[in-house]
Amino acid sequence: MLRHLKSSFWSFCSIFIRTIGSLGINKLIALYYGPNGITLYAHFQNLVSIVTTVPDGGINIGTIKFLANEDPTSQKYRQYFWAGIWLNLLCVLVALALIFSFSDYYLGVFLEEAGMVQWWWAGSFALGSLLLTYNLFLQAMLLSKRVLKWHVVSTSTMSLAGLAVVYLLGGELSVGALLPVVLGAQCATFFLMLPVLYLKKFIASFRRVKVPQAVYFEIGKYVVMALSAVVCLKLTNFFVRDFVISRFELYETGLWQAVVRVSENYSLVYTSVIGMLYYPRMAALVNEPDVLRKFVRSAFYLVMPGLLVALLLVYLLREWVLRLLFNEDFVVAEYLFDYQLIGDFFRMWSIVLTNLMVVRAHVRLYIGWQIVTALFYMALVYFLVEPFGLEGITMAHAIRYGAVLIFSMVYYNKYIRV
């Protein structure tokens, strides 16, 4: 019990500091650069996530599972550790090759706004993305050994380093020039954590290590699922934002992105709590179907009233929230909260059920669901933006996740049937 409380304490510390850091960066960028800056910052984060999602959401997740109960000196630990190292490198190189092959599409808006030598910006982005990827791998090693205190130090330092750079250099540099500096400050945490893991002897020896194909195959299952998230979430969001920028310009896009940023911050808290308290319990009950059904059913109906109250509170305070987290220029975006909050309610409630796809290893269903919902969302945005303007994007968000909730309730009906 004491160990669980300590784990929960460090996890909540991490969530709290990351949230404060994210809110602080959004606030400062809004003050220094207005809606245009918020648009470019969101676009840049999305670009970085295209590089890091497969390594962190696939390779690292798989590595954690296989290393959790292994001694760092064992042959198996060393095999999975170095498989993770090489697969991370491969994924980063492939992602950067994709981005630089279509640099006008992915980097054009940043290079144009930054007003600097293109190779300097591109090189900073590539190196920063690589170091950030390996820093996330080091954090995964800490999680695998349940060294939560140092994990909190790492994630907190990343958040606060980014916040410090924006505070010190915001307004001095153009937002396009500032973004790779923020990335550099965040990925510098790698050089702090590397000696920590070395002293704790979590860095596996490279001597006499031959990684079997079976090891790559085991981790590859998680890579496939993470790839679907990149294609169907990250690339979709990048495509939609690029479409909106071309349709409405940076200022109007920034108003919509401000509402999305508010959504992402309270969603971070919710999904982190679900990840700490709900998902591990589901995974533990996967071989006890009756108990799992009772647990899912109780959780599904338990979170619903809490979500309603929390989101209603956000709606009632939406003008104050925009003033607090951004500035006066963003208050005109308050009308966009209507459908955004409805969609968030559907999405957050459905997570209780969609997690079953991962727990029960329904890989084909998971990938198919990601693809269908992504295509459905892009089609909705395309057809709703013209008649409804920016509000059409939030309407598409609400319809998309309303459909996800209905599908998950029908497919997993036996888990929620009273």
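Visitor: What makes the charged end of Arg-318 count as sitting over the ring of Tyr-315?

Guide: This is a predicted model, first of all. In it, the charged end of Arg-318 lies 4.1 Å from the centre of the Tyr-315 ring. The cut-off is CZ of Arg within 6 Å of the ring centre and within 35 degrees of the ring normal. Arg-318 is listed as sitting over that ring.

Visitor: Which ring does the charged end of Arg-247 sit over?

Guide: The ring of Phe-248. The distance to the ring centre is 4.8 Å. The limit for Arg is 6 Å.

Visitor: Why is the pair of Tyr-366 and Trp-369 called tilted?

Guide: Two values decide it. The ring centres are 5.7 Å apart, and pairing needs 6.5 Å or less, so the rings pair. The planes meet at 55°. Stacked needs under 30 degrees and edge-to-face over 60, so this pair is tilted.

Visitor: Where do Tyr-366 and Trp-369 lie?

Guide: Both are in helix H13, residues 363-388. They are three residues apart, about one turn of the helix.

Visitor: Are Tyr-366 and Trp-369 buried or exposed, and how do you know?

Guide: Buried means under 20% relative accessible area. Tyr-366 has 15%, so Tyr-366 is buried. Trp-369 has 17%, so Trp-369 is buried too.

Visitor: How many aromatic pairs does a search of the whole structure find?

Guide: It finds 23. Ring pairs also link Tyr-77, Phe-81, Trp-82, Trp-86 and Phe-137 into a cluster.

Visitor: Which residues make the nonpolar surface patch?

Guide: Leu-312, Leu-313, Leu-316, Leu-317, Trp-320 and Leu-324. The patch covers about 630 Å². Helix H10 (289-316) and helix H11 (318-325) each give two or more residues. H10 gives the largest share, three residues.

Visitor: Why is Leu-317 called partly exposed?

Guide: Its relative accessible area is 36%. Buried is under 20% and exposed is over 50%, so Leu-317 falls in between. Leu-317 is found in the loop between H10 and H11.

Visitor: Why does Ser-350 count as buried?

Guide: Ser-350 has 2% relative accessibility. The cut-off is under 20%, so Ser-350 is buried. Ser-350 is found in helix H12, residues 337-359.

Visitor: What lies 2.8 Å from a polar atom of the Ser-350 side chain?

Guide: The backbone oxygen of Arg-347. A polar contact needs N or O atoms within 3.5 Å, so 2.8 Å meets the distance limit.

Methods. Residues are numbered from 1 along each chain as its sequence is written. This is a predicted model: local features need pLDDT of at least 70, side-chain atom pairs count only at pLDDT 80 or more; totals for chains, interfaces and linings use all residues. Side-chain values use heavy atoms; hydrogens and water are left out. Patches are made of residues with over 30% relative accessible area and no salt bridge: like charges are joined within 9 Å, nonpolar side chains (Val, Leu, Ile, Met, Phe, Trp, Tyr) within 5 Å. Accessible areas come from the Shrake-Rupley method with a 1.4 Å probe; for residues, only the protein chains shown count as cover. A salt bridge is a side-chain nitrogen of Lys or Arg within 4 Å of a carboxyl oxygen of Asp or Glu. Helices (H or I, at least four residues) and strands (E, at least two) are DSSP runs, numbered from the N terminus. Buried means under 20% relative accessible area, exposed over 50%, partly exposed in between (1.4 Å probe, protein chains only). Rings of Phe, Tyr and Trp (its six-membered ring) pair if their centres lie within 6.5 Å; planes under 30 degrees apart count as stacked, over 60 as edge-to-face and the rest as tilted. A polar contact is a pair of N or O atoms within 3.5 Å; within protein, one must be able to donate a hydrogen and the other to accept it, and residues adjacent in sequence count only if both atoms are side-chain atoms.
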